[in-house]
Amino acid sequence: MTDFQALLQPDQGQIARSIAVIAKDGFDDWFKALPERARAVALAAQFKGKAGEFALIPGEGADDWSVAIGAADTPGVWDLAVAVARLPEGTYRLSEGAPGQAALGWLLAHYRFDRYLPSAEPMPQHVLLTTEPASIAETVRLAEATALVRDLVNTPAADMGPADLQKAAEEVTKVYDAKLTITKGHDLQSGYPMIHAVGRAADKHHAPRLIEIEWGKPAHPRIAIIGKGVTFDSGGLNIKPGGSMRLMKKDMGGAAHALALASLVMAARLPVRLHMLIAAAENAISGDAFRPGDILMSRSGLTVEIDNTDAEGRLVLADAMTRAGEDTPGLMIDYATLTGAARVALGPDLPAMFCNDHGLARALSEASVNHHDPVWRLPLWSGYDDMLKSDVADIANSSESGMAGAITAALFLSKFVAEGIEWAHFDTFAWRSAAKPGRPKGGEALGLRAAYEMLKTRYPLV
């Protein structure tokens, strides 16, 4: 993993190149103050101070130059990321002020997934100086958590099965001296029958499992963080078409988010009793695969008729959520790459957020805006409960209708949230289809920082 700590350093007067962030309304004054040679270069570069624009501005000597970047209308995380790919290796500082949240974008612009590129050239290192040294540790933690999500999601399913998710959890528990519990294979049958049903077709080579991490003092408020860890989703017997299956290595993106959020909570030593759960399984096809029309018993006791084997993520989540609820947490958060319907509604960048508590929804929405990690609330519309009705079981796992797919999936999960528990569900894409500065194509953390910032506000350090 990139050494993010080395790339963000306190400003102690070191020799560094200057970066000027120029707003459109301040461009004329900045331009007039430039020497004639520098003005000519800015004109040639067609630099006007627009967001995303970049120019190298010469000084008096041959090796005397600085950087100009167009300012975004609203300052955010990615404002400086545009510069990193275009700058030579070296040390830099802003000409005015501290980088603030843009320091995170600077760090993440150094991210590269090169596990399968042994001949890749080293990423040039750009050190950013900051006059806010107290913010460095937190910014580095956020970069590391984001990189963890990206790495896990980018890894192909051959190297990221349920056992590999367990190894990732083991590494986290070692760092924070947390407790790890694994329930796997046939041991799931009695306690977690829906996780077992989804994963049993791949049991011989990729046994399903429930991965649990517990950390923190028992006297602190209990929270649960849950992730869907379907390490590859063929669709089961309702097999996906080839184009839809191509990215299904990312179907464990919810688990990656859950593990990263748990890491942030532990690293910050928030005063909570943390319970993280990952329901890990591969939805494969074999003679033992679960079938449309099957009726599964859930851990909660509800029976579930299988309408579609490609609606498997909600099944594994339901058993994990039931387990989390047995310890009566005050708050439950789950992440899942759950529905294509959420992407149709909101596109790839906006995780759909569902909450059973308006105060929690407001807190998450405010955190998402303040920390430039957008999420969008969709309704838990009980009027659609009838879409999940079954004639032979308590509930069906999906609707025969093609309408409101993200909402009906969330409604299904809501049946496994114990009364009195505040709950937020993120239906996230966990993927970026096109690169942007600081955000390469591939696995992506979406909705991670919003939840973390909400937790920091809700459970402040004393």
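Let me start with strand β1 and strand β6 (residues 126-130), which run parallel and are joined by 3 bridges, where strands are DSSP runs of E of at least two residues, helices are DSSP runs of H or I of at least four, and both are numbered from the N terminus. Within that pairing, L8 has L128 as its bridge partner in β6. Please keep in mind that this is a predicted model, in which local features need pLDDT of at least 70 and side-chain atom pairs count only at pLDDT 80 or more, while totals for chains, interfaces and linings use all residues. Residues are numbered from 1 along each chain as its sequence is written, and side-chain values use heavy atoms, with hydrogens and water left out.

The two strands belong to an open sheet of 6 strands with mixed pairing, in the order β1-β6-β5-β2-β4-β3, and two strands are taken to pair if DSSP finds at least two bridges between them. At the edges stand β1 (8-10) and β3 (54-58), each with a single partner strand, so one side of each has no neighbour in the sheet. From one strand to the next the twist averages 30°, with axes fitted as lines to C-alpha atoms and angles running from 0 to 180 degrees between N-to-C directions.

Now to the interior. A nonpolar core here is a set of buried Ala, Val, Leu, Ile, Met, Phe, Trp, Tyr and Cys residues joined through side-chain atoms within 4.5 Å, and buried means under 20% relative accessible area, with exposed over 50% and partly exposed in between, for a 1.4 Å probe and protein chains only. The largest such core has 89 residues, and the members that touch the most others are W106, L259, L274, I333, L364, F426 and L455. Helix α11 (residues 253-268) supplies the largest share of this core, 11 residues. As for L364, if we leave aside its neighbours within four places in sequence, its contacts (heavy atoms within 4.5 Å) include M353, C355, V375 and F426. Another core, of 45 residues, lies apart from it, with M194, V304, M332 and A409 among its members.

Which charged side chains pair up? A salt bridge is counted when a side-chain nitrogen of Lys or Arg is within 4 Å of a carboxyl oxygen of Asp or Glu, and by this rule there are 25. In helix α6 (residues 136-154), E138 and R141 are 3 residues apart, about one turn of the helix, and they form a salt bridge whose closest N and O atoms are 2.7 Å apart. E138 counts as buried at 15% relative accessibility, whereas R141, at 23%, is partly exposed.

R150 and E444 also form a salt bridge, at 2.9 Å between the closest N and O atoms; the pair links distant parts of the chain, with R150 in helix α6 and E444 in the loop between β19 (442-443) and α16 (448-458), 294 residues apart. Both R150 and E444 are buried.

I will finish with R449, in helix α16. What is the nearest side chain of opposite charge to R449? That is D373, 4.2 Å away, and R449 is buried yet has no salt bridge, where Lys and Arg count as positive, Asp and Glu as negative, and His and the chain ends are not counted. Leaving aside neighbours within four places in sequence, R449 has contacts that include V77, W78, L104 and L142, as well as D373.
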